[in-house]
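Please look through the sequence and the model below before reading on. The paragraphs that follow go from one part of the chain to the next.

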Amino acid sequence: MCSSRLLENIYRDIFGELKQSSFPVERTGVKININKKTNPKVDVIENDLPTILSRRRCTRTVSQEPIIVSQLGYLLETSLGVTKKENNNIYYSVPKAGNQRELVYIIVINNVSGILPGTLYEYVPEELTLYELNIQNGSFFYEEWESNAAFNIIFCMFRECRRNYLNNVFLTSFEVGCCCQNLQLVTSSLGFGSCISGIVNINEFYSYFKELVPLQSISIFKVKNDN
Ligand SMILES: Cc1cc2nc3c(=O)[nH]c(=O)nc-3n(C[C@H](O)[C@H](O)[C@H](O)COP(=O)(O)O)c2cc1C
């Protein structure tokens with residue numbers, strides 16, 4: 001067995017045994033359109049890329065102030081959105097191996113105005129839509145800053161990958177890194193905070209999403225100003 005396949009198998013074993021299929025989780029029928037063109041304008045506090053880069057940080061001081069839906073939409077569309085559709089190709093603001101989207105974006109809402117805390121959505125960038133999932137109050141996180149964040153994104157891949165590459169796990173992990181970098185730069189440009197986390201409560205996660213492997217998560221929030 002070649003070493004990348006071996007490593008991939010080990011990686012899958014680490015994430016537990018394959019159980020009955022349950023994803024896509026039932027959608028409730030509620031959906032949120034996040035198109036920048038149709039939502040209220042979001043104020044960007046910094047436009048200069050070197051300055052935005054110099055301010056990129058993992059911060060963990062979370063304010064209780066909520067973010068609004070158009071800010072959530074702006075963050076998702078700008079960082080993880082579709083940039084161009086041409087012939088049968090879809091291009092994204094994050095690079096994709098084979099230009100195929102393997103990642104699944106699960107959004108856990110905690111403090112976004114007008115959305116019930118604990119509501120979960122799947123973000124589908126091709127449709128600029130958040131689909132509410134029929135799951136409430138999963139406690140996926142261990143850290144206070146994660147539970148108190150305005151929202152968290154759990155980056156996942158299917159156990160049975162859609163792309164047929166031997167080293168797909170590594171390619172997909174690289175793509176998550178690109179997603180996090182984009183998100184941290186866009187949060188920095190809005191003056192918001194974010195922190196990347198490598199740990200979610202696996203057992204809780206698998207009790208809802210049996211077919212998905214959670215790779216990493218990121219928390220996004222307004223920053224508490226102690227002054
Ligand atoms: C793949 C990855 C996993 C991480 N996991 C955690 C984590 O589980 N808990 C945490 O507090 N920070 C985590 N971090 C954030 C790092 O601790 C943080 O990036 C590092 O301290 C450097 O700080 P900076 O991002 O502000 O430069 C993670 C970062 C990366 C890239």
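**A walk through the predicted chain**

Leu-128 lies in the loop between strand S5 (119–124) and strand S6 (129–136). The model is a predicted one, and in it the phi of Leu-128 is near 50°, a positive value in a residue other than glycine. Most residues other than glycine have a negative phi. Is Leu-128 buried or exposed? Leu-128 has 20 other C-beta atoms within 10 Å, so it counts as buried, the cut-off being 20 or more.

Asn-87 sits in the loop between strand S2 (82–86) and strand S3 (89–92). Its phi is positive too, at about 50°, although Asn-87 is not a glycine. Asn-87 is exposed, because 5 other C-beta atoms lie within 10 Å and the limit for an exposed residue is 12 or fewer.

Now to the chain as a whole. The chain holds six helices and nine strands. Of its 227 residues, 34% are buried. If contacts in the chain between residues at least 6 apart in sequence are taken, 78% of them join residues at least 24 apart.

The sheet comes next. Strands of a sheet pair through backbone hydrogen bonds, either parallel or antiparallel. Here seven strands form an open sheet in the order S1-S6-S5-S4-S7-S9-S8, and the pairing is antiparallel. Strand S1 (27–33) and S8 stand at the edges with a single partner strand each, so one side of each has no neighbour in the sheet. From one strand to the next, the twist averages 30°.

Within this sheet, consider strand S7 (residues 151–158). Which strands pair with S7? One is strand S4 (residues 104–109), which pairs with S7 in the antiparallel sense over six bridges. In this pairing Tyr-105 stands opposite Phe-155 of S7. Another is strand S9 (residues 212–221), joined to S7 by eight bridges and running antiparallel to it. There, Met-157 has Val-213 in S9 as its bridge partner. Seven of the eight residues of S7 are buried, so the strand is largely enclosed by the rest of the structure. S4 is also joined to S5, by four bridges, and these two strands run antiparallel. Ile-107 stands opposite Tyr-121 in S5.

Two helices can be followed from here. Helix H3 (residues 69–80) has twelve residues and reaches 16 Å from its first C-alpha to its last, close to the 16 Å expected at 1.5 Å a residue. Nine of the twelve residues of H3 are buried, so this helix is largely enclosed by the rest of the structure. Among the buried residues of H3 are Gln-71, Leu-72, Glu-77, Ser-79 and Leu-80. What do the buried residues of H3 pack against? They pack against S4, S5, S7, H5 and S9.

H5 lies across S7, S8 and S9, and runs at about 10° to S9. Just after H5, Gly-191 takes a positive phi of about 80°.

Cys-179 is a residue of H5, which covers residues 168–190. With 24 other C-beta atoms within 10 Å, Cys-179 is buried. Which residues does Cys-179 contact, leaving aside its neighbours within four places in sequence? They are Ser-79, Leu-80, Val-94 and Phe-155. Ser-79 and Leu-80 are among the buried residues of H3, while Phe-155 is the S7 residue that stands opposite Tyr-105. Cys-179 and Leu-103 are 76 residues apart along the chain, and their C-alpha atoms are separated by 9.9 Å.

The ligand is the last stop. Arg-57, Cys-58, Cys-195, Ile-196, Ser-197, Gly-198, Ile-199 and Gln-216 surround it. By class, this shell has four nonpolar, three polar and one charged residues. Which strand gives the most to the shell around the ligand? Strand S8 (residues 193–197) does, with three residues. S8 is also one of the two strands at the edges of the sheet, each with a single partner strand.

How values were computed: Residues numbered from 1 in each chain as written. Predicted model: local features only at pLDDT ≥ 70, side-chain atom pairs only at ≥ 80, totals over all residues. Contact = placed C-beta atoms within 7 Å. Near = placed C-beta within 6 Å. Nonpolar A, V, L, I, M, F, W, Y, C, P; charged D, E, K, R; others polar. Pairing = 2+ DSSP bridges. Axes fitted to C-alpha atoms, helices over the stretch in contact; angles between N-to-C directions. Expected span 1.5 Å × (residues − 1).
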